[in-house]
Amino acid sequence: GSTNATTGVWQPTRYGGTYGTNGFYLPFTDNSALTTSSNVGLGKDFSGNGNYWATNNISITSGVTYDSMTDVPTLTSATAANFAVVNPLQSYYTPTNGNLTFSTGANATGLGFSSIGLGTGVKFYFEATATGSAQQIGIFSSSQALTPTGSKRYWYLESGGLYNDGTLLQTVATFTSGDTIAVAWDGTAQTVTFYKNNTQQGTAISVDTSYSYFFGVGAYNGGWNVNFGQRPFTYTPPTGFVALNTYNLPTSTIVKGNTVMDATLYTGNGSTQTITNAAAFKPDLVWQKSRSNAISNILNDSVRGVSKTIYSNLTNAEANYPGFNVTAFNSNGFSVGDDSAGAYGSNGTGQTYVGWQWQAGQGTTSSNTNGTITSTVSVNASAGFSVVTYTGTGAAATVGHGLGVTPSVIICKNRSASGAWHSYFSAISGMQNGYIVLNSSASFYTPNTTVWNGVQPTSTVFSIGTDSGVNGSGNAEIAYCWTPIAGFSAFGSYTGNGSTDGPFVYTGFRPKFVLIKGSSFASNWFIEDSARNGYNVNDGVALRPNLSNAEDGTTTYNIDILSNGFKLRSSAGDSNSSGATFVYAAFAENPTKNALAR
């Protein structure tokens, strides 16, 4: 294999050598027959040697038993890519037959979601053949609840109704075991249409656009054989509708995540050194943490300038430390100075470090007058990130953030005076009437409108109240703002289940960096990234923004980092307390489109 220069993903490479006498090449592309006594069909040897393989227990009969599928990690065409399946991590019952069969137990009910989300801008189609009784099929929200009452849903029930959750919308034909039901999702019009044996049922249904959706099936004493396009469809999809696979997903504005966000590892030398990130980009925010020692979390950004340091686990005002911490923002990373800062530094001899980096305007700033307070911003709109500085007035105000769309996460700090890191996460209901603190384990503070003034951010500004942490009179303030970018960043919430088989969180990409905090109860923040461990289960490497501790070193905060999201693998209270609400921020290594199911 080789690494794709555009996506940064390892991918298979066609063999270019010779095959010798006993060599063979089996691409399985000849599905005209089942290979038996001649070099024809699925077992055909394309090496030229004629060393074909006989097929056994393989079917090329159309329908649910068809085995010649082109679900391959090459991303070469609309029929040769990674197809969706029933996600075993987001299914009430474990799917079988290559995750294309979903069945419930006796007198039991549950849902199974597609492994790829539907998103916007693309028209997707899938089919499923019913087995047994008491079936439902449709689109379901990204709720972690896998029972029919726990997920927003638009569905077709076997008794002959189209529903929005529990509300009957249209009466249509009944269906039974053996019928093929198709669901067509129009991501442009935001509608869903149902078909029974190629006959449209009712009219297209407009959906609530405040949710994101998956194809899904549900059953009681029954099941489904599903087909997302890896088998030939039984019926021709409506014009413009395509199979749910990675090739047909929209291309993210950020194809390779480490061109704008990276986690770079290095070892301190006590002197000076230059740290180079993998994709050679110029960062505008560098967040450093010693992995091996109890050293504070250190944040420097290009807008405030080199040597201007703040610490996420402390309330201290900004410190000016010329000669150590970040001494330069380079075109391919950053430089660090000597270790004279000791417990507040980032280059201790023999200590191991991680440097999380985000790119905004690559050192370029502009004046923003959208708010009642003029701000200075460094913005990367395509990556959904801006660094904002401004001077507080002590009176309720608005501040321009420069993103052009509404931010989902805002982290603020008073640079001139001691104070908390007030943070905004849109995933928390009523966030504008409260706040959550980066340097504290405390839960969401509410009601309190002195921070965000009881007003949600807009596409141009965020609102601030009279709290000195965000608006100290005459004080210098800093705000880091993020908005989600499909395929690159995601911000949301999940509900813990208290199990080592924890919730699965769909992001639409393979995460590089995940930040998690319990919002409904007191708990530590923690960060996992794919650089410090590199394999699943990603454990023993948790770092905490609100503490100076070294890496956890235990399996307390286990997560799996997957091609389409992450899954909690620990029952620890700080990450998966049963019934508790957690917020997260995740940034991509690769979009699911390019992750090749890694």
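## Surroundings of A78

Beyond its neighbours within four places in sequence, A78 is in contact (heavy atoms within 4.5 Å) with F83, N245, Y247 and N248. This is a predicted model, in which local features need pLDDT of at least 70 and side-chain atom pairs count only at pLDDT 80 or more, while totals for chains, interfaces and linings use all residues. Residues are numbered from 1 along each chain as its sequence is written, and side-chain values use heavy atoms, with hydrogens and water left out.

A78 lies in the loop between β2 (10–11) and β3 (86–91); strands (E, at least two residues) are DSSP runs numbered from the N terminus. With a relative accessible area of 35%, A78 is partly exposed, a class between buried (under 20%) and exposed (over 50%), for a 1.4 Å probe and protein chains only.

## The seven-stranded sheet

An open sheet is formed by seven strands in the order β25-β26-β27-β33-β29-β30-β31, with antiparallel pairing; two strands pair if DSSP finds at least two bridges between them. Because β25 (366–368) and β31 (436–437) each have a single partner strand, they stand at the edges, and one side of each is left without a neighbour in the sheet.

Within this sheet, β29 (residues 409–414) and β33 (residues 476–482) run antiparallel and are joined by six bridges. I411 has Y480 of β33 as its bridge partner.

## Cysteines

A disulfide is a pair of cysteine sulfur atoms within 2.5 Å, and the count by this rule is zero. C412 is in no disulfide, its nearest cysteine sulfur being that of C481, 6.6 Å away. C412 counts as buried because its relative accessibility is 0%. C481 likewise counts as buried, at 0% relative accessibility.

Technical notes:
Helix = DSSP H or I, 4+ residues; strand = E, 2+ residues; numbered from the N terminus.
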